[in-house]
Amino acid sequence: MSDRTIEALLREERTFPPPASFQRSAVMGDKQIYDTAARDLEGFWARAAEELHWFKKWDKVLDWKLPYAKWFVGGQTNISYNCIDRHVAGGRRTKAAIIWEGEPGDQRVLTYGDLRREVSKFANVLKQLGVRRGDRVAIYLPMIPELPIAMLACARIGAAHNVVFGGFSAEALRDRINDAQAKVLITADGGWRRGNIVPLKRNVDEALTGTPTIENVVVVKRVGEAAPIHIKEGRDHWWHRLMAEASPVCEAVPLDSEEMLYLLYTSGTTGKPKGIIHTTGGYMVGTYQTMKWIFDLAPDDVFWCTADIGWVTGHSYIVYGPLANGATTVMYEGTADYPDKDRNWAIVEKYGVSIIYTAPTAIRTFMKWGTEFPAKRDLSSLRLLGTVGEPINPEAWIWYHQYIGGGRCPVVDTWWQTETGMILITPLPALTTLKPGSATHPFPGVGAEIFNEQGQPVKANEGGYLVLTRPWPAMLRGIYRDPDRYVKQYWSRFPGVYFTGDGAKRDADGYFWLLGRVDDVINVSGHRIGTYEVESALVDNPAVAEAAVIGVTHDIKGQAIAAFVTLKEGQKPGPQMVEMLKEHVVKKIGALARPEQILFAGELPKTRSGKIMRRLLRDVAEGRVLGDTTTLADPAVVETLKARYEEEAG
């Protein structure tokens with residue numbers, strides 16, 4: 001970024017020291033831990049690993065042959081054993097492991113004893129269906145308990161799971177099954193979303209017209225008579241019937257630390273989705289330790305990550321991280337606005353949730369709805385708030401802290417990726433003075449730097465490319481069946497370091513500020529402007545609930561800034577509002593960042609995990625045919641936006 005652009009970045013001067021309550025009783029309150037981890041990386045991670053169960057201890061902590069790392073080499077363990085059996089043996093048999101709430105209001109609690117029984121039974125079902133160690137199993141389920149049960153059952157017998165988000169289309173499902181060469185598919189007749197049925201089995205039937213490796217399909221009865229389905233004789237099997245005949249005893253298989261635990265597909269900037277490989281031992285240790293320290297996990301905490309398990313956040317911080325720690329983790333099937341806009345806060349109140357981990361886009365939506373909805377509920381059980389998925393605007397951070405956390409709860413703003421497997425940049429709540437909008441510092445033992453175009457570290461307050469300079473346990477082990485793409489995508493931009501694809505700056509205090517993907521940078525008359533900084537300026541205005549900014553082609557400037565803005569309740573769109581918002585951006589950043597266009601939208605196109613689809617906004621603004629909309633929560637939103645944009649543009 002240009003010096004002028006960096007100087008114009010929002011200056012956030014508010015700070016929030018750790019509350020005394022956290023400092024008195026913190027799981028991690030040792031200020032020297034960063035230096036300790038930096039001096040002895042392998043010893044640091046070995047101490048974390050020693051808190052978990054190993055059938056055979058490792059011979060070597062780290063084998064690093066760039067760009068491939070192996071962790072706990074020679075060790076044998078099983079993450080399913082560590083997430084379940086270890087706690088049953090340690091006296092937590094009757095403790096709630098998973099608290100589940102369905103969208104219609106049905107609920108279920110699985111203790112650690114229940115979980116061991118159900119996971120063992122389904123592991124036996126998989127073996128009966130011919131699944132063997134090293135096979136891949138595709139999972140296409142709604143947010144119901146059978147989803148983590150299926151994952152843990154695969155891990156128990158050494159089969160790699162590939163969870164496909166329930167919002168993906170039949171075609172997307174087929175592509176992932178075929179790339180993974182999955183042997184068995186686990187699905188449901190349907191799922192509930194805003195009172196409607198998501199037709200999962202119908203999508204499966206369409207997908208399986210071209211999936212030669214699938215031998216069997218297991219179907220969970222979720223919606224029943226509300227959506228009758230076709231069962232193909234010999235291929236499709238009801239979950240409940242198979243489980244009724246299965247033995248509740250299945251010992252966890254000792255697995256090599258580097259055996260594949262799962263594949264998870266993530267979109268690239270170009271080409272087909274990438275099958276990210278995560279292995280057993282290092283991933284287990286990384287998610288265990290980050291969960292424990294970042295969320296200051298206490299034995300009586302009730303933890304709720306609002307993500308979908310179809311994304312890596314759900315893998316690491318709904319399933320594996322919480323359960324490896326013996327915590328109680330909450331799952332919710334539906335949306336935050338059904339049947340009313342206080343549903344999330346009703347769940348917090350009902351189950352006494354003490355830690356909540358959600359996305360900035362959700363927080364901005366809550367802001368738009370107003371404070372009356374959280375005010376209707378008792379949120380006093382909350383003691384820690386977390387954010388994940390994208391950089392959080394300072395004003396959204398403040399709103400979250402004030403209206404959800406009551407001004408008493410630290411906010412851990414976390415940065416990581418599907419590829420990293422675990423959180424890498426984050427506060428530690430008893431040690432870190434918080435700055436709204438900053439993910440603060442790398443987790444102990446994590447090496448992060450910001451490079452310029454020439455691969456040199458930038459000075460304070462200069463923007464650049466975020467890179468990782470040391471291996472970490474949960475790092476990806478490659479792209480499935482495409483090693484060349486792995487090297488090219490992550491290790492070729494700057495020799496010897498991992499290229500994250502994200503932009504960042506570090507302030508004079510050493511705090512990291514994430515600026516979004518580097519392809520979300522707009523070049524206006526030679527000035528590189530991050531979409532995040534313009535979005536932050538817009539959301540800083542009290543009339544704005546949410547904003548998404550993109551670059552559009554401009555004959556003179558090369559690119560110009562276009563902003564799609566959602567206003568708060570009671571605010572009126574129109575020419576006066578447009579001019580006021582443009583001037584607000586100029587005031588916050590400078591004239592070079594003045595949006596060329598502002599379009600008001602009732603809703604922005606988002607995936608079901610809550611991420612704004614800026615790619616589709618670019619298609620709208622450039623007048624192109626809309627790209628793939630299968631991952632959108634509501635495809636009609638972008639069609640409405642396209643029609644309105646074309647009308648206003650003439």
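**Note on strand pairing, helix packing and nonpolar cores**

1. In this predicted model, strand β11 (residues 216-220) and strand β12 (residues 236-238) pair in the parallel sense, and three bridges join them. Within that pairing, Val218 has His237 of β12 as its bridge partner. β11 is also joined to β8 by five bridges, and these two strands run parallel. Here the bridge partner of Ala188 is Val220 in β11.

2. The burial of β11 deserves attention. Five of its five residues are buried. In a regular strand the side chains alternate between the two faces of the sheet. In β11 both faces are covered, with Asn216, Val218 and Val220 buried on one side and Val217 and Val219 buried on the other.

3. Strand β14 (260-266) is likewise mostly covered, six of its seven residues being buried. β14 pairs with β7 in the parallel sense over two bridges, and with strand β15 (residues 274-279) in the antiparallel sense over six bridges. Tyr262 of β14 takes part in both pairings: Tyr262 is the bridge partner of His161, and the bridge partner of Tyr262 in β15 is His278.

4. Helix α8 (residues 170-180) has a set of buried residues, namely Ala170, Ala172, Leu173, Arg176, Ile177, Asp179 and Ala180. The charged residues Arg176 and Asp179 are thus part of this buried set. Which elements cover the buried residues of α8? The cover includes the strands β6 (136-140), β7 (160-163), β8 (184-188) and β14, together with helix α9 (200-207). After α8 comes Gln181, which has a positive phi, near 55°.

5. An open sheet with mixed pairing contains seven strands in the order β5-β4-β17-β16-β18-β19-β20. Its edge strands, β5 (107-111) and β20 (411-413), each pair on one side only. Direction ignored, neighbouring strands of this sheet are turned by 20° against each other on average. Within the sheet, strand β18 (residues 355-358) and strand β19 (residues 384-387) pair in the parallel sense over four bridges, and Ile356 has Leu385 in β19 as its bridge partner.

6. Helix α16 (residues 394-404) lies across β18, β19 and β20 and runs at about 150° to β19. The axis of α16 and that of helix α14 (residues 360-369) come within 10 Å and cross at roughly 70°, which makes α14 roughly perpendicular to α16. Where the two helices meet, α14 contributes Ile363, Arg364, Phe366 and Met367, while α16 contributes Glu395, Ala396, Trp399 and Tyr400. The residues of this contact divide into six nonpolar, two charged and no polar.

7. The largest nonpolar core has 140 residues. Those with the most contacts inside this core are Trp45, Leu115, Phe122, Ile186, Phe295 and Tyr320. Helix α7 (residues 146-157) provides the largest share of the core, nine residues. Apart from this core lies another, of 31 residues, with Phe373, Leu379, Leu385 and Ile404 among them.

8. What does Leu115 touch, leaving aside its neighbours within four places in sequence? Leu115 is in contact with Ile84, Ala97, Ile98, Leu110, Ile149, Leu152 and Leu323. In soluble globular proteins, nonpolar side chains tend to be buried together.

Note on methods:
Residues numbered from 1 in each chain as written. Predicted model: local features only at pLDDT ≥ 70, side-chain atom pairs only at ≥ 80, totals over all residues. Heavy atoms only, no water. Buried < 20%, exposed > 50% of the residue type's maximum accessible area, 1.4 Å probe, protein only. Contact = heavy atoms within 4.5 Å. Pairing = 2+ DSSP bridges. Axes fitted to C-alpha atoms, helices over the stretch in contact; angles between N-to-C directions. Core = buried A, V, L, I, M, F, W, Y, C linked by side-chain atoms within 4.5 Å. Parallel < 35°, antiparallel > 145°, perpendicular 65-115°, else oblique.
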